[in-house]
Amino acid sequence: MFITFFYLLRARGLKVSLNEWMILIEALNQGLCSASLIDFYHLCRSVLVKSEADYDKFDLAFAEYFKGIETPADIPDEIWKWLDEEIKLPEGFEKSYDDFAKHNLEELQRMLKERIAEQKEKHCGGNYWVGTGGTSVFGHGGYNPQGIRIGGEGRHKTAIQVASERNFKDFRQDNILDTRQFQLAFKKLRQFSSRLDGKKSELDIDGTVNETCDHAGMLRLVWDRPRQNAVKLLILFDSDGSMMPYSRLCSALFQAANKSNHFKDLKVFYFHNCVYEKLYTDPYCRRGHWIDTEWVFKNLGSDYKVIFIGDGAMAPTELMSKGGNCYVGLYNELPGIDWLNRFIQKYPKHIWLNPIPKAEWDHTYGSFTILKIKEKFPMFELTVEGLEAGIKKLLVSR
Amino acid sequence: MNTFKGSKDYVVSDELMHAVNVSIALQKPLLIKGEPGTGKTMLAQSIADALEKKLIVWNIKSTTKAQDGLYLYDTVQRLYDSQFGEGDVSDIGKYIKLGKLGEAFTEEKQVVLLIDEIDKADLEFPNDLLWELDKMEFYVNETKETIKTRIRPIVIITSNAEKELPDAFLRRCIFHYIEFPDAERMKEIIAVHYADIEKNLLAQAMETFYWIRGLKDIQKKPSTSELLDWLQALVHSGIPLAKIKEEIPFVGVLLKKNQDIEAMFEIKEKGFTVKRWI
């Protein structure tokens with residue numbers, strides 16, 4: 001019956017399967033959801049949504065679909081004030097739901113308008129006026145199976161309210177996320193190989209069986225090298241002033257890479273806007289705390305995968321011209337872009353992660369240099385999704 | 001019908017209660033996710049207590065295989081027995097040891113089965129259990145027997161989101177994400193554990209706790225269980241109230257990382273920290 005809701009959810013990017021939809025229908029048939037929308041909201045969410053990362057998408061879709069059922073907003077202040085006061089329910093307050101008149105939504109909204117126009121004073125515990133603790137269809141803290149709730153502490157929040165609060169916004173996958181999620185993404189960066197040097201420390205069962213049979217049942221053990229991740233990673237961080245707003249994000253990525261102990265090797269260096277002769281060994285980029293970029297080319301083989309992390313936003317001269325290095329007293333013979341080219345030539349697997357949202361790359365400050373770099377490097381947003389896409393790029397053989 | 005309404009030593013939110021009841025009624029496993037320390041594991045215990053059912057816990061480790069939960073065939077024991085002539089070796093059934101799932105399936109009465117931290121295991125692990133959890137039965141090759149449950153157990157599965165769970169598995173579950181409790185609910189939780197805690201102390205400690213949780217530069221946020229430990233430490237030490245917010249005694253109970261402790265004190269003093277890159 002809500003089949004359009006099903007399609008709306010799918011259209012909003014939730015992978016709801018028919019299977020799950022049938023479970024929901026079964027739950028409704030079993031009466032697991034009383035007539036309230038909030039119960040329906042929770043039921044739908046627990047059956048249809050399988051990750052907190054999707055809660056937000058669900059909230060949005062739910063609010064979109066059921067938005068007609070909101071409380072009207074134009075309630076006079078005075079009535080709000082009456083509603084804000086304490087509620088005392090009369091003793092033995094019980095009534096069968098059947099006694100209430102049935103109203104549909106439009107009717108309720110129309111009645112509310114009239115009632116507001118009529119009402120001149122505070123009401124509690126009655127069954128007609130807007131007030132608290134009664135059985136009127138308007139107000140709060142009372143009992144009416146289908147009234148319009150107005151104000152008061154959220155004793156029973158409406159589903160639309162809950163959905164439009166969007167409490168789970170932070171869990172969205174396309175959001176910028178924390179160390180742990182980066183770490184999960186890094187876990188995908190692995191290429192197993194047993195053809196590495198290293199001790200043969202694992203029992204090769206098939207080999208052992210074969211050898212033992214060949215020797216007429218005398219036990220012969222065969223050892224093999226364990227399969228290991230062969231990925232070596234070189235990460236270069238831009239730690240320029242323009243990167244300060246993203247420092248937390250960069251730090252999270254750094255921590256994640258550092259904690260991921262499945263890499264065969266991990267090297268991290270820092271640069272200032274663009275790479276030149278020197279790479280810094282710490283994020284403060286102080287003179288002397290550096291190594292020669294040449295050293296990197298000589299000592300780190302082309303099997304290293306390179307990840308640049310930077311906004312790529314700088315003065316065009318810093319990228320394109322000789323002596324463009326903005327550090328006073330440092331002069332570069334080779335323009336920054338040529339240094340980047342050398343990285344590209346030496347390391348066939350390279351990506352650039354940019355903390356600036358993709359949509360802004362072609363018009364934000366520094367878009368000239370960003371686009372120049374983007375011509376050279378596959379560029380991704382510095383989000384979990386971006387990192388995952390980048391890692392895929394690093395892994396495919398071209 | 002079984003309806004879960006929470007138990008006296010476990011504070012449960014309406015949404016969670018609803019999710020539990022939906023999962024019981026639909027006979028689908030309930031998958032629980034949430035920050036560490038939000039009481040995921042406790043939930044199963046609480047359900048078992050409230051519904052007066054036996055709880056069977058299957059703790060998953062990185063080495064756990066799906067087969068471990070079904071049954072193990074103890075070939076070594078059988079070989080041993082045959083050499084020393086002990087017992088009837090021809091009865092293979094004697095050497096089939098049921099795992100936790102098998103145990104839950106063969107119980108006479110309905111049980112609560114907790115599969116704890118399913119994400120610890122191999123990526124394929126949940127897929128290997130699809131059939132067993134769907135049909136609640138499995139086949140023992142050695143004895144050519146099918147072990148089938150009489151009354152489907154209530155299955156609770158917890159996950160810390162260390163690994164993504166396969167879609168096929170997720171489709172069969174009811175899912176609930178336990179949010180970190182807000183101050184109001186936290187008070188209820190504390191009241192369950194320490195009924196007679198002093199009001200002012202609690203207020204001070206809560207304020208400090210939520211302040212620390214709100215700091216962006218903290219990597220490992222303290223959770224409920226840490227707050228409970230901290231409260232206990234505060235009560236036992238009898239530290240004057242004024243000092244709680246000022247000095248944050250026993251900070252090691254709340255924050256487990258040196259960097260976090262340093263960052264927190266720096267923010268407290270100067271209002272910001274630069275210890276982000278380290």
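This is a predicted model: local features need pLDDT of at least 70, side-chain atom pairs count only at pLDDT 80 or more; totals for chains, interfaces and linings use all residues.
Residues are numbered from 1 along each chain as its sequence is written, and chains are lettered from A in the order in which they are written.

View 1. Helices (H or I, at least four residues) and strands (E, at least two) are DSSP runs, numbered from the N terminus. Of the 398 residues in chain A, 34% are buried; in chain B, with 278 residues, the share is 31%. Here a residue is buried if 20 or more other C-beta atoms lie within 10 Å of its own, exposed if 12 or fewer, and partly exposed in between, with C-beta atoms placed from the backbone.

**View 2. The largest nonpolar core has 64 residues.** A nonpolar core is a set of buried Ala, Val, Leu, Ile, Met, Phe, Trp, Tyr and Cys residues joined through C-beta atoms within 7 Å. Val47(A), Leu30(B) and Ile156(B) are among the residues with the most contacts inside this core. Its largest share, seven residues, is supplied by helix H3 (residues 37-48) of chain A.

**View 3. Chain A meets chain B here.** The contact takes 22 residues from chain A and 19 residues from chain B. On the chain A side, helix H2 (18-29), H3 and helix H10 (247-259) each supply at least two residues. That side has eight nonpolar, eight polar and six charged residues. For this count, Ala, Val, Leu, Ile, Met, Phe, Trp, Tyr, Cys and Pro are nonpolar, Asp, Glu, Lys and Arg are charged, and the others, Gly among them, are polar.

**View 4. Strand S8 (residues 232-238) and strand S9 (residues 265-271) of chain A run parallel.** Seven bridges join them; two strands pair if DSSP finds at least two bridges between them. Within the pair, Leu234(A) stands opposite Lys267(A). Together, S8(A), H10(A) and S9(A) make a right-handed β-α-β unit. Right-handed says that, with the strands pointing away from the viewer, the path from the first strand over the helix to the second runs clockwise.

**View 5. Strand S9 (residues 174-178) of chain B is largely enclosed by the rest of the structure, because five of its five residues are buried.** Ile174(B), His176(B) and Ile178(B) point one way, and Phe175(B) and Tyr177(B) point the other way. Strand S1 (residues 30-34) of chain B runs parallel to S9(B), joined by five bridges. You can find Gly34(B) opposite Ile178(B).

**View 6. Two residues of chain B, Glu52(B) and Lys144(B), have a positive phi.** Most residues other than glycine have a negative phi. Glu52(B), with a phi of about 55°, lies in the loop between helix H2 (40-51) and strand S2 (54-59) of chain B. Lys144(B), with phi near 55°, is found in the loop between strand S6 (137-140) and strand S7 (145-148) of chain B. Glu52(B) counts as exposed because it has 8 C-beta neighbours inside 10 Å, and Lys144(B) counts as exposed with 8 such neighbours.

**View 7. Helix H4 (residues 75-84) of chain B is hardly covered.** Among its 10 residues, the count of buried residues is zero. Just after H4(B) comes Gly85(B), with a positive phi of about 65°.

**View 8. Asp292(A) sits in strand S11 (residues 290-292) of chain A.** Asp292(A) counts as exposed because it has 11 C-beta neighbours inside 10 Å. Beyond four places in sequence, Asp292(A) is in contact with Glu277(A) and Lys278(A). Asp292(A) and Glu277(A) are 15 residues apart in sequence, and their C-alpha atoms are 5.9 Å apart.

Note on methods: Two residues are in contact if their C-beta atoms, placed from the backbone, lie within 7 Å.
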